[in-house]
Amino acid sequence: MSEEKTATLLERIGGEPALEAAVDEFYKRLLADNTLEHFFESISIKELKEHQRKFLRLAFTKIPESIDVEKLMLGKHQRLFLMGLNEKHFDSVATHFVETLQHLGVPKNLIDEAVGIIGPLRPIFEQGAAKAKEAEKDEEKKSEEFLLHRLGGDDALEAAVDEFYDRLLADTSLAQFFDGIAMDNLKDHQRKFLRLAFTKIPESVDVEKLLMDKHALLFEMGLNAIHFDSVAGHFVGTLQHLGVAQELIDEAVGIVAPLRGIFEKGAEKAKWDDKKDDYLLTKIGGDAALTAAVDEFYNRLLADKSLSKFFEGIRLDTLKGHQRKFMRMAFTKIPDDIDVEQMMFKKHFHLFQKGLDETHFDSVATHFVETLQHLGVAQELIDEAVGIIAPLRGVFVKGGESKKRRMSRIDSRSQVS
């Protein structure tokens, strides 16, 4: 028997390096697909990629008989089935998978073999979606008992969150914490959290860890239990304004009030963080220096004719807020669950389609260095900052290449037609 016939599919498509490249490319495509991206919210892409590599490694070598693939897939995707995942999404994912292998130059016969392994999983997604619909009907019967239903359901929740954030943003003691944050996204996260809190929080959700992680940067900015009290006051005021009965307000407060201890803990942890003085942000002068740097940085970017086109139609105050938030994170500690490269690629995807690439990154990096020099930052700190930012250049190389590939596909279609 020849070596070619005995080699596993994984070996024949290029082994571990090919698997690594395939998974990276695959997830770029999935995250850029607006019919799929919502399934990846609040998930560590880095961990997800690792799980994907493990599964494909098994699938393209030999799946042990002890593994029940159907049970495994149904269990792993249960939450997503409840979010609406079904066989049509599987088809989209399968298409991206095939196009990934084509993009990487895998021969058609090997792609067909891979599809032959993955394709039979489709019925699992049909089954999972059907079970989720049944579960949804059962939950509808139970939902009448939940506080959310008694408050008025999703329509009431929508109105409450809108009114709630109007009050938070008008509070000068709180407004600073929303600087540069996309309010639509924040409201959506708030609705999801309150929907859970006012129905049933799954046992798998560690609320304390979730809130500590989500508010880590805000604790660094000084968020504490006193701010929580202000937020809680606005929450009660919102429900009163909307005419919610007092007994329901009391029930809601009974759910939310115990979270105050998390904000005490988060503030204390940030206050006594023994690494704080070691952070680059602290060494360059803290938030005041960061604000000055971002203002000067954007003055330089907007004055650069090779870059100014990328800022057309964008609110600069919002963009500066995002930049401060990103640099605050980059110059302190990036949370483990954030895939920075994936985040940057997704945030800049529309700009890559406008021609943004690594040459523009080089120009931006130059303005960044000159900004810090202008503000009198010591050279060793500038070098440290560059050491953090420079590795992101690869994202812009890939982004520029994605535009070229897109244009190549368009040209090919034009020639065919």
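1. What share of the contacts in the chain with a separation of 6 or more is accounted for by residues 24 or more positions apart? In this predicted model, such residues account for 78% of those contacts.

2. The overall architecture is helical: the secondary structure comes to 25 helices and 0 strands. Along the principal axes, the C-alpha atoms fill a box of roughly 75 × 65 × 50 Å. The chain has 417 residues, of which buried residues make up 39%.

3. The pairing of helix α3 (residues 15-31) with helix α4 (residues 45-59) deserves attention. Their axes come within 10 Å and cross at roughly 130°. Angles over 145 degrees would count as roughly antiparallel, and 65 to 115 degrees as roughly perpendicular; α3 and α4 are therefore oblique to each other. The crossing in which α3 passes α4 is right-handed.

4. The residues that form this contact can be named. On the α3 side they are E16, L19, E20, V23, D24, F26, Y27 and L31, and these meet I45, L48, K49, Q52, R53, L56 and R57 of α4. By class, the residues of the contact divide into 8 nonpolar, 1 polar and 6 charged.

5. M73 is placed in helix α5 (residues 69-76). With a relative accessible area of 9%, M73 falls under the 20% cut-off and is therefore buried. Leaving aside neighbours within four places in sequence, M73 is in contact with F55, F81, L121, I124 and F125. A197, by comparison, is 124 residues from M73 in sequence, and the two C-alpha atoms are 27 Å apart in space.

6. Is H89 buried or exposed by its relative accessibility? The value is 16%, and buried means under 20%, so H89 counts as buried. When residues up to four places away in sequence are not counted, H89 touches T35, L36, F39 and G84.

7. Finally, helix α24 (residues 379-389) may be examined for the placement of its buried residues, which are L381, I382, A385 and I389. Seen down the axis of α24, these residues fall within an arc of 105°, so they line one face of the helix.

Technical notes. Residues are numbered from 1 along each chain as its sequence is written. This is a predicted model: local features need pLDDT of at least 70, side-chain atom pairs count only at pLDDT 80 or more; totals for chains, interfaces and linings use all residues. Side-chain values use heavy atoms; hydrogens and water are left out. Axes are lines fitted to C-alpha atoms, for helices over the stretch in contact, and angles run from 0 to 180 degrees between N-to-C directions. Helices (H or I, at least four residues) and strands (E, at least two) are DSSP runs, numbered from the N terminus. Angles under 35 degrees count as roughly parallel, over 145 as roughly antiparallel, 65 to 115 as roughly perpendicular and the rest as oblique. A crossing is left-handed if the near helix is turned anticlockwise from the far one by less than a right angle, and right-handed if clockwise. Contact means heavy atoms within 4.5 Å. Ala, Val, Leu, Ile, Met, Phe, Trp, Tyr, Cys and Pro count as nonpolar, Asp, Glu, Lys and Arg as charged, and the others, Gly among them, as polar. Buried means under 20% relative accessible area, exposed over 50%, partly exposed in between (1.4 Å probe, protein chains only). The arc is that of the directions from the helix axis to the C-beta atoms.
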